[in-house]
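Reader: I've just opened this one and I'm new to it. Could you walk me through it and tell me how you know what you say?

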Amino acid sequence: MSHGHDDPTLHPEVQMSTSRGYFLGFAISSVLMLVATFLVTSHSMPPFGLLMVISACAAIAIIAQIYFLLHIDTSEHNIWNAVALVLFMPLFLITIGLTWWMFSQLYLHTMIMPGMPAMVH
Amino acid sequence: MRPPASDVDPKTAELWDRHQHQHDVISTRTLGYFLYLLSDAMLFATLFAAYGVLSYQHSYFGGPTPADFVKPWYTFAQTMALFLSVLAYGFGMNALKNKNKGGVINGLLSAFILGALFLALDIHDMAHLASLGVSVATSGGVSAFVVLTQVHATHIFFGLIWILVMMAQVMTKGFTTEVVGRLLTLRMFWHLQAIIWVFVYVFVYLWGYMS
């Protein structure tokens, strides 16, 4: 990883910018957010299917932004950013997922959940 | 004892490389800042978890839920303001590649204006909620909603200040190693706010509106 030090604008993190990449990241995520907003406001799908579709929109938009905007890839220069991000993802998902799961179990066992049949005493 | 045969003359040998071509100041800083940003994302993870457990029907205490006050197209306009701000910053970074100072300033200025538009729309939205009598005190569910969205807005606020500082530094100091490194870390910060916003928009605003 040796590069010119006299001119910081020659650094690979500066040089890897491309207008095309930024525009693609913007266009892909904007279209996906437009689709998600349209589907949610048109009420044309059952809730569970809709949740799956908008989750997929969010996932693809995030991947597009990470790849095109943050330039996280497996190139020599970016590999450590990519490793840090990959190791970070389970922490992020486990923090949200396990907390949500614990509380949903707690609610299930301690109170009547909306939409569930009332408890019989 | 005979010295080991060697071609190296100890009188002239260089014991270390004075040019340090392995040490890359900018990359060291950007990797460190990236790790900091990931820990910032863990802050959002805890807030998303709190919102997840406080978005059940009973969490709203019979009061208003996001389904009553979220306006998806209004928030979509906010989304576009933020995405365009990120795009403008990207074009500014492209100008940096070509050492175009005016292009960098234009990119930063456009990013600032669009980011300020995002923040203004957010503040207007919160003022509208307050006028409806919906506040953090209304219920646990609304609390989690307001805290999560406003922590994101606070990140945008500090990002805007940082953009102004960088405009001043680019104009006064030019493209030094420090300034270029800061432009790169601000780029990561600003892009990460757009990534977090995708989560906030889809899983808090849109999902809240649906349920």
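**How do you know?**

Author: Happy to. From the N terminus on, the elements of chain A run α-α-α-α. That is four helices and zero strands. Keep in mind that this is a predicted model.

Reader: How do you know how far to trust chain B and the complex?

Author: The predictor scores itself. For chain B the mean pLDDT is 91, and 92% of the residues reach 70 or more. For the complex, the predictor gives an ipTM of 0.86 and a pTM of 0.87.

Reader: Why are α2(A) and α6(B) called roughly parallel?

Author: Start with the angle. Helix α2 of chain A (residues 19–42) packs against helix α6 of chain B (residues 177–210) at about 10 degrees, with the axes 10 Å apart. Angles under 35 degrees count as roughly parallel, so α2(A) and α6(B) get that name.

Reader: Which residues meet there, and what classes are they?

Author: From α2(A) come S29(A), M33(A), A36(A), T37(A) and V40(A). Facing them in α6(B) are V198(B), Y201(B), V202(B), L206(B), Y209(B) and M210(B). By class, the contact of α2(A) with α6(B) has nine nonpolar, two polar and no charged residues.

Reader: How many residues does each chain give to the contact as a whole?

Author: Chain A puts in 47 residues and chain B puts in 54 residues. On the side of chain A that touches chain B, the elements giving two or more residues are α1 (12–15), α2, α3 (47–68) and α4 (79–110). The largest share of that side, 12 residues, comes from α4(A). By class, this side of chain A has 31 nonpolar, 15 polar and one charged residues.

Reader: What makes S85(B) buried?

Author: It's a neighbour count. A residue is buried if 20 or more other C-beta atoms lie within 10 Å of its own. S85(B) has 26 other C-beta atoms within 10 Å, so S85(B) is buried. The place of S85(B) is in helix α3 of chain B, residues 72–97.

Reader: Which residues does S85(B) touch, leaving aside its neighbours within four places in sequence?

Author: Those are A111(B), L114(B), G115(B) and F118(B). The C-alpha atoms of S85(B) and L117(B) are separated by 9.3 Å, although these two are 32 residues apart along the chain.

Reader: And how much of chain A counts as buried?

Author: Of its 121 residues, 23%. As for contacts in chain A between residues at least 6 apart in sequence, 45% of them join residues at least 24 apart.

Reader: Where does UniProt list "transmembrane region" in the two chains?

Author: The unreviewed entry for chain A covers residues 21–42, 48–70 and 82–103. For chain B, the unreviewed entry lists residues 33–53, 73–91, 103–121, 127–149, 156–176 and 188–208. Such annotations may be inferred rather than shown by experiment.

Reader: What does the model show over those spans, helix or strand?

Author: Let's take some of them. Residues 21–42 of chain A are 100% helix and 0% strand, with the end C-alpha atoms 32 Å apart. Residues 82–103 of chain A are also 100% helix and 0% strand, and their end C-alpha atoms lie 32 Å apart. In chain B, residues 33–53 are 100% helix and 0% strand, with the end C-alpha atoms 31 Å apart. Residues 156–176 of chain B are 86% helix and 0% strand, and there the end C-alpha atoms are 26 Å apart.

Technical notes. Residues are numbered from 1 along each chain as its sequence is written. Chains are lettered from A and ligands numbered from 1 in the order in which they are written. This is a predicted model: local features need pLDDT of at least 70, side-chain atom pairs count only at pLDDT 80 or more; totals for chains, interfaces and linings use all residues. pLDDT is the predictor's confidence in each residue, from 0 to 100. Axes are lines fitted to C-alpha atoms, for helices over the stretch in contact, and angles run from 0 to 180 degrees between N-to-C directions. Angles under 35 degrees count as roughly parallel, over 145 as roughly antiparallel, 65 to 115 as roughly perpendicular and the rest as oblique. Two residues are in contact if their C-beta atoms, placed from the backbone, lie within 7 Å. Ala, Val, Leu, Ile, Met, Phe, Trp, Tyr, Cys and Pro count as nonpolar, Asp, Glu, Lys and Arg as charged, and the others, Gly among them, as polar. A residue is buried if 20 or more other C-beta atoms lie within 10 Å of its own, exposed if 12 or fewer, and partly exposed in between; C-beta atoms are placed from the backbone.
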